Amino acid sequence: MLTLINSVITAMPMYMMSVYKMPEKIRKKIDSYRSSFLWMRNLDNRKKYALVRWKKVCQMKKNDGLGVLDIKDMNVALLMKWWWRYKSPSFASLWKSLIQLKYNGSNNRSSYSPFWKMIRSLDSLGRTSSSYTVGDGSSINFWQDIWYNNCSLATLYPFLYDLCANKDCSLQEVVLTHGSILHFSRSLNGILRQEWHELTTILHNTCLKNEDDTMNWRWETNGIYTSHSLYQFLNFGGVPNHLSNIWWELKVPVKIQVFMWLVMHDKILSKHNLSKKGWPGDVSCCCCGDVETTTHLFLFCPIIKTVWFWLGNCQNEFYKWQSLPDIVNFAARLRKKNKHAFLTCFSALCWGMWNMRNEIIFNNRRAKTTRNLLILIQSYVEYWTGLTDEETKQYIKNWLPQDWNEVPIQMQAPEAPIGTMSSDDLWRGWNMGQLVEASS
Ligand SMILES: [Zn+2]
């Protein structure tokens, strides 16, 4: 599904997006098609929810999103190529000469051209994204371009910039006139005089050379513009979570990766989440009667607790876990292969439990025994990792029950719905090493 969205629906307008700014109305329409496709709405008459905000879906996987391409950001990233070519002093072509002649001349055709308007609209972002190595200073806007330290002088001295009447002068003009070209709308007193003194010191220390200025793209280490680097910059949604990538590194089907991403964001349609969306039904867990939250299903439900116990190696840790992120934090402390093995088992556990829960609710099936659920988990893991190397398989084996004879066959989860036995009773039952019989 994700591949289809990114490779087909999103790819179709890509060529146009690299030349024209996409109208907001069309962008919204395409996004609504993509969203419907992702959440499989409009396929039948059943109500389908969009489980996660579209903005979140469109963030990169390393930024904790689902990696669907953000059309708006990509459009800007692609169009920036034209701004870069136009502005870069080292880029010389017939196209650039034509554009300069046509729009920078005395006639006023520029106001009618969408293309020129698009280039001008990218000015602010382009200036923020590039810096200059000073040559003869003729291509550098003294106030607005970044040529001194890592920010423009307009940002460094905002009051002086506001008062200055010559906002478009080049660095060359200012240096050659020792700043006398700059006129201010009122006299500079106090702190402004101090700032002006600092500015003249910067000018005094600036040496012009007899060569072109060089423009550097700030988001690439080699200084050359790429649309990918700008897209990354625009798509960055805040402080990165170092565990965001963890599910996408696993060798499990994409469907499972997406499922685990939804689980960790507490966006699966558990009964508790459904009730938050206005669903009027009973929110009790079909296995034990407690409220069916995501954490309950995969950590606290008595059935899953017994499974966690036999999944091996984490008995000591297991008692400390209070939420699903605790499990991921535990995994993050493991070495890479062991971490992947554990998270693969965790994914199989969640997927197995989720399928069992759906079978009980929608097909009136009985709950599986702990042993059967563990066997199911093992079969998922073996299927997913069938083609991986022996070392990885061995790591995974270590997390599964070492001796299946020890896993009690009779320890059976109660039939759904149970109603009479609390989860605490069940928990105590297996915790004391007793076999919990079916509630019948
Ligand atoms: Zn339960």
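In the protein chain, 67% of the contacts with a separation of 6 or more join residues 24 or more positions apart; two residues are in contact if their C-beta atoms, placed from the backbone, lie within 7 Å. The model is a predicted one, in which local features need pLDDT of at least 70 and side-chain atom pairs count only at pLDDT 80 or more, while totals for chains, interfaces and linings use all residues. Residues are numbered from 1 along each chain as its sequence is written.

The secondary structure comprises 23 helices and two strands, taken as DSSP runs (H or I, at least four residues, for helices; E, at least two, for strands) and numbered from the N terminus. Of the 440 residues, 27% count as buried. A residue is buried if 20 or more other C-beta atoms lie within 10 Å of its own, exposed if 12 or fewer, and partly exposed in between.

The largest nonpolar core has 48 residues, of which F298, I304, V307, C345, L349, C350 and I377 touch the most other members. Such a core is a set of buried Ala, Val, Leu, Ile, Met, Phe, Trp, Tyr and Cys residues joined through C-beta atoms within 7 Å. Among the elements that give two or more residues to this core are α14 (254-264), α17 and α21. The most is given by α20, with eleven residues.

Helices α14 and α20 pack with their axes 10 Å apart, at an angle of about 80 degrees. Axes are lines fitted to C-alpha atoms, for helices over the stretch in contact, and angles run from 0 to 180 degrees between N-to-C directions. The two helices α14 and α20 are therefore roughly perpendicular (65 to 115 degrees; under 35 is roughly parallel, over 145 roughly antiparallel and the rest oblique). I256, F259, M260 and V263 of α14 meet S347, C350 and W351 of α20 in this contact.

The axes of α17 (residues 302-311) and α21 (residues 370-384) come within 10 Å and cross at roughly 60 degrees, and α17 and α21 are therefore oblique to each other. On the α17 side, the contact is made by I303, T306, V307 and W310; on the α21 side, by T370, L373 and L374.

P89 is partly exposed, with 16 other C-beta atoms within 10 Å. Beyond its neighbours within four places in sequence, P89 is in contact with S139, D212, D213 and M215. The C-alpha atoms of P89 and D213 are separated by 6.4 Å, although these residues are 124 residues apart along the chain.
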